[in-house]
Amino acid sequence: MTEAKLEAWLDETRSFAPSPQFSKQANAQPSIYEEASADPVTWWRREAERLTWHDEPTNTLEWDMPFAKWFSDGTLNASVNCVDRHVAAGRGDRVAYHWVGDAEGESRTITYADLQSMVNKTANALIEMGVKNGDRVAVYMPMIPEAVVAMLAIVRLGAAHSVVFAGFSADALSSRILDSDCQFVVTADGAFRRGAASPLKPAVDEALESCPNVKSVLVVRRTADDVNWVEGRDVWWHEIVERQSDVHTPDYFPSEQTMIIMYTSGTTAKPKGIYHTTGGYLTQVASTYMNVFDVKPDTDVCWTAADIGWITGHSYIVYGPLINCATQIMYEGVPDSGGKDRWWRIIEQYKVTILYTAPTTIRTLMKWGDDLPKGHDLSSLRLLGTVGEPINPEAWMWYREHIGGNRCPIVDTWWQTETGAILISPLPGITATKPGAAMRALPGIGVDVVDNDGNSVGNGEGGYLVITHPWPAMTRGIYGDPERFKETYWTRFPGKYFAGDGAKRDDDGDLWLLGRIDDVMNISGHRLSTTEVEHALVGHPAVAEAAVVGASDDTTGQAIVAFVTLKMSTDDASKDQVAVIEELRLHVARVISPIAKPRQIILTPELPKTRSGKIMRRLLRDVAENRSLGDVTTLTDPTVVNMISELMGTEASSDD
Ligand code: WTA
């Protein structure tokens, strides 16, 4: 869709009505909103019936702000819910994962019966290694089925896993192991990426030099490289797991048993160990998976294109889908492993019906051109999802038109590591969708947008996103630091969860997420979102990607600095950089307002991103303000930072 067409379309309709095809067959029907809002706590108790409880809970919510307990007298086993009960119900032959390797042609099919046998053997192996109820186990693994198996085996024993994204450094791994005192690590010798093996075990060895409490390391052989071996500590997966019995009789644990620890960055340098407990978390991931993605487990092939090292992988590759006995794709590679059309080939081959990914990936795929998806049959797709950051309308429309064939609803899902599950999203078949808007709170969730004093803002106004009452999958806290938990999330607006995101209610009352609060700029007293300016820039036909920061400015408080990647290479653009920059500034002024005109625009061939694909805006702000760069270990390519710093010396700017 051209920019002119997009603008014309936006002016005319601004929203897509729910598709009648979805409305007829949707898992969720419109009455769900009223049913849930009439009595959210009771409604969640009913949703908890999606799980198989060993002892049915009689308690629902106990709320001692900000500490919640859900279903506290219930007992269950997460792994039984994900695997055993499906096999017992005769669904053992159903495929749990079509695993697709990084290398062309490498794949595995894992049924629920296979998964049961693998999980039981692994649970028995972990017992032999000494893992027991209440322990913490770090998982540092590539995207291979054994990663999921390890997670399920750990929680099966009543231990908690702390999955650390395999792209993190040894330092990051050791600080996470130490923070939650993990005594075991599950890892692999290495991982594959675009055909090349990269070692993982050396990072574990290095990390463990400062983690004396780690007793045992379970190592999957993936790349078959030579590895350093610590006798008495390291154990090969194929040696210890394979010889175990595939029978394991589970114990049952309280609903509030901790099952997940997931580190996420906060405003300080020390990552927060967000932890989740069992019954509430599983209830809500099960419920949202079925309602938001409208999954029909008998027929759908679902692909959450994320890494298990992040919360999206936990909730929508592992627990949500498995609880519902869904069939999924698990893909090891990056989007261009084996060619830039790899994704479209996977969708065609496995007839994927539901695709869930991040805006940053959509923009990358978009940059690679329309011809790639056009060359493949994507007609199996029936629903698309996005998560992780605000999606700009142009990427949303491209996703809809070029991937979804204008027939698939798009669910823009807002949530966080802390929320455990999706909280804000359209429901397909019920809610209208708008390009760039997450629309409304899901049933059973109370959301508000408030001003500085905590008062609700009206339609057409922006403010801070807060969650007004407890929800089952909410984090129970920051591991070992209840004070930080209170202070970070519950103090700014007492009694309400402060998400740290800006949001706007449009004239219809629908929600638009505007990015992190720390990315909201104040320019001469005008509040402007970095995202809004980014949307505007990315809406220009020459722009591939843009990151905007508010840099401090003596006169205006903050000033807008934009880092922009052009669709053509920057070298090409250098023919007339000043003209391009001026054109972009005018474009932003046209789309938003002259007050949103960037003070500086820096053209750069790439933007610095974290390994999870998020643009590092804080770092860009440091660059823009010429501050020291600090720790950049989570960058995909630290050289980009140097390059951007250099560019700062040569950028074109304007000061009118
Ligand atoms: C952002 C990822 C706009 C938001 C599941 C949030 C989004 C942070 C959206 C959490 C969305 C996530 N629209 N922004 N649909 N989804 N975010 O913990 O700023 O990695 O606070 O969890 O991502 O990131 P996290």
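Tutor: The model is a predicted one. Its chain has 22 helices and 30 strands, and of its 656 residues, 62% count as buried. Among contacts in the chain with a separation of 6 or more, 71% are accounted for by residues 24 or more positions apart.

The sheet itself is open and consists of eight strands, arranged in the order β12-β11-β8-β6-β7-β14-β15-β23, with mixed pairing. Its edge strands are β12 (234-236) and β23 (477-478), each of which pairs on one side only. Between β14 and strand β15 (residues 272-277) there are six bridges, and these two strands run antiparallel. Within this part of the sheet, Tyr263 stands opposite Gly273 in β15.

Helix α7 lies across β6, β7 (160-163), β8, β11 (216-220) and β14, and runs at about 150° to β7. Helix α8 (residues 170-179) has as its buried residues Ala170, Ala172, Leu173, Ser174, Arg176 and Ile177. An α-helix has 3.6 residues a turn, so residues three or four places apart point the same way. The cover over the buried residues of α8 includes the strands β6 (136-140), β8 (184-188) and β14 (258-264), together with the helix α9 (201-208). Just after α8, Asp181 takes a positive phi of about 50°.

The largest nonpolar core holds 136 residues, and the members that touch the most others are Leu115, Leu152, Phe293, Val318, Tyr319 and Leu322. Helix α7 (residues 145-156) supplies the largest share of this core, nine residues. Returning to Val318, and leaving aside residues up to four places away in sequence, its contacts are Tyr97, Val148, Met151, Leu152, Ile308 and Gly313.

Asp300 is placed in the loop between α11 (278-292) and β16 (301-304). Asp300 counts as buried because its relative accessibility is 3%, and the cut-off for that term is under 20%. Two polar partners can be named for its side chain. A polar atom of the Asp300 side chain lies 2.7 Å from the backbone nitrogen of Lys296, and a polar contact of 2.7 Å joins the side chains of Asp300 and Thr353. Excluding residues up to four places away in sequence, Asp300 touches Asp294, Val295, Thr327, Thr353, Ile354 and Arg382.

Finally, the ligand site. The ligand is surrounded by 16 residues, of which the closest are Asp412, Thr413, Thr417, Asp501 and Arg516. A polar side-chain atom of Thr417 lies 2.7 Å from an oxygen atom of the ligand. For Asp501, a polar side-chain atom likewise lies 2.7 Å from a ligand oxygen atom. Gly388 contributes through its backbone: one of its N or O atoms lies 3.0 Å from a nitrogen atom of the ligand.

Methods. Residues are numbered from 1 along each chain as its sequence is written. This is a predicted model: local features need pLDDT of at least 70, side-chain atom pairs count only at pLDDT 80 or more; totals for chains, interfaces and linings use all residues. Side-chain values use heavy atoms; hydrogens and water are left out. A nonpolar core is a set of buried Ala, Val, Leu, Ile, Met, Phe, Trp, Tyr and Cys residues joined through side-chain atoms within 4.5 Å. Buried means under 20% relative accessible area, exposed over 50%, partly exposed in between (1.4 Å probe, protein chains only). Helices (H or I, at least four residues) and strands (E, at least two) are DSSP runs, numbered from the N terminus. Contact means heavy atoms within 4.5 Å. Two strands pair if DSSP finds at least two bridges between them. Axes are lines fitted to C-alpha atoms, for helices over the stretch in contact, and angles run from 0 to 180 degrees between N-to-C directions. A residue is near a molecule or strand if one of its heavy atoms lies within 4 Å of it. A polar contact is a pair of N or O atoms within 3.5 Å; within protein, one must be able to donate a hydrogen and the other to accept it, and residues adjacent in sequence count only if both atoms are side-chain atoms.
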